[in-house]
Amino acid sequence: MVPVWISALVVALPTYLYARLVRGVDRFEQEPTKYLVAAFVWGALPAAMLALIVQVIFGLPIAALLGEEASQSIGAIVLAPVSEELFKGLAVAALFFWRRREFDGWVDGIVYGSTVGFGFAYIENIIYLSSTQNIEEWIRLFFLRVIVFGFLHGFYTSLIGIGFGFARHSPPVLGALAVILGCAAAIVTHAIHNASVVLGEATEGGSLLITLINYGLLAVLMLGLRVVSRHNDRQMFKTYLADEVPEVITAQAYAALSGQRTSPPFKLSAQLKHLAGELAQRKRQLLRYNEHDGGEIERLRAQLRALNASAESTTI
């Protein structure tokens, strides 16, 4: 039996890499680390514990009425998807309502939602790995749960985040509908995965094809949204930073941010991308949605001017 602490250490690295990869969807206006840590911790501790409590509370009477085997199947296919996604979704809802200015749309919803999901998966994977009886079983389970299906919980809760993201700038009724649809999509895709695994033996492995299709469609969706996000970023820079040239950012920086080719190629620093992303987003919120910035736009302009001045002095 592999010690718990070894499982915790080994699972930590791929979990971190998955979270970093999804965070890269928001290339220019990355979310504050403290909120991402809070989202991860919620998924790993409160969400996991609350979901387990609910599953036990409802699972016991089901077992008494229908038997242990039926209780396990219903728990996996119904109770687990519903309880886990709703409790994970609470963290996304909390960020949406209490840190609204940091929740700008569906891209942020993907980042926050997936981070919660990865936190949940981290603890769940440790629990499953700790139940293995030998190293061969541990390796097989690690490969399947952490490597092959490592993104699943992140994908599920990303769908809830997307729902909240669309609700960010929608009328109340449409916003509520978006959140409901996002939660429903997370629960249904989670249930499809669990059902196909539960039915694997009964169907002689045939249902596992549904597992792969379900996972593949989620992966394609996330990759497609990444492409859409890149296009939207460039359009946002093109629209909201055009009047900042050349006083705040240089023409070369503006061209690079807008996806235009420059000669010679202009290298964007991480700080420049972050500040330009924040400025474009705050201007978008002000001009398109009339959300007052509290002086942030001028602060960001001052920081970009100082960054440009520093870069110019370095090259002289």
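Leu-45 is partly exposed, with a relative accessible area of 42%, where partly exposed is the range between buried, under 20% relative accessible area, and exposed, over 50% (1.4 Å probe, protein chains only). This leucine sits in the loop between α2 (33-44) and α3 (46-66), the helices being DSSP runs of H or I of at least four residues and strands being runs of E of at least two, numbered from the N terminus. Together with Val-37, Val-41 and Met-49, Leu-45 makes a nonpolar surface patch of about 340 Å². Patches are made of residues with over 30% relative accessible area and no salt bridge, with nonpolar side chains (Val, Leu, Ile, Met, Phe, Trp, Tyr) joined within 5 Å and like charges within 9 Å; a salt bridge is a side-chain nitrogen of Lys or Arg within 4 Å of a carboxyl oxygen of Asp or Glu. The areas come from the Shrake-Rupley method with a 1.4 Å probe, and for residues only the protein chains shown count as cover.

The model is predicted, so local features need pLDDT of at least 70 and side-chain atom pairs count only at pLDDT 80 or more, while totals for chains, interfaces and linings use all residues. Residues are numbered from 1 along each chain as its sequence is written, and side-chain values use heavy atoms, with hydrogens and water left out.

Taken as a whole, the chain has twelve helices and zero strands. Its C-alpha atoms fill a box of roughly 75 × 45 × 30 Å along the principal axes. Of the 316 residues in the chain, 48% are buried, and the chain exposes about 16,400 Å², of which carbon and sulfur atoms supply 69%. Among the contacts (heavy atoms within 4.5 Å) between residues at least 6 apart in sequence, 74% join residues at least 24 apart.

The interior can be followed through its nonpolar cores, each a set of buried Ala, Val, Leu, Ile, Met, Phe, Trp, Tyr and Cys residues joined through side-chain atoms within 4.5 Å. The largest core has 37 residues, and those with the most contacts inside it are Phe-103, Ile-110, Phe-151, Ile-162, Phe-164 and Met-222. Two or more residues of this core come from each of α1 (4-23), α2, α4 (68-98), α5 (106-130), α7, α8 and α9, and the largest share, eight residues, is given by α7. A second, separate core of 20 residues includes Met-236, Leu-257, Leu-279 and Leu-304. Returning to Met-222, and not counting residues up to four places away in sequence, this methionine touches Ile-110, Phe-155, Ser-158, Leu-159 and Ile-162.

Lys-88, in helix α4, counts as buried because its relative accessibility is 0%. Its side chain makes a polar contact with the side chain of Thr-157 at 3.0 Å; such a contact is a pair of N or O atoms within 3.5 Å in which, within protein, one must be able to donate a hydrogen and the other to accept it, residues adjacent in sequence counting only if both atoms are side-chain atoms. Leaving aside neighbours within four places in sequence, Lys-88 is in contact with Trp-42, Ala-47, Val-116, Gly-117, Phe-120, His-153, Tyr-156 and Thr-157.

Gly-150, in the loop between α6 (135-148) and α7 (152-167), is buried, with a relative accessible area of 9%. Beyond its neighbours within four places in sequence, Gly-150 is in contact with Tyr-18, Phe-118, Arg-145 and Tyr-215. Gly-150 and Leu-307, by contrast, are 157 residues apart in sequence and 39 Å apart in space, C-alpha to C-alpha. Ser-207 lies in the loop between α8 (172-198) and α9 (208-240) and is likewise buried, at 7% relative accessible area. A polar atom of the Ser-207 side chain lies 3.3 Å from the backbone nitrogen of Gly-200, and Ser-207 touches Ser-196, Leu-199 and Gly-200 when residues up to four places away in sequence are not counted.

The peptide bond from Val-245 to Pro-246 is cis, with omega near 0°, and Pro-246 lies in the loop between α9 and α10 (251-257). A cis peptide bond also joins Ser-263 and Pro-264, with omega about 0°; Pro-264 is in the loop between α10 and α11 (270-289). In the loop between α11 and α12 (296-315) is Asn-290, whose phi is near 55°, a positive value in a residue other than glycine. Asn-290 is exposed, with a relative accessible area of 55%.
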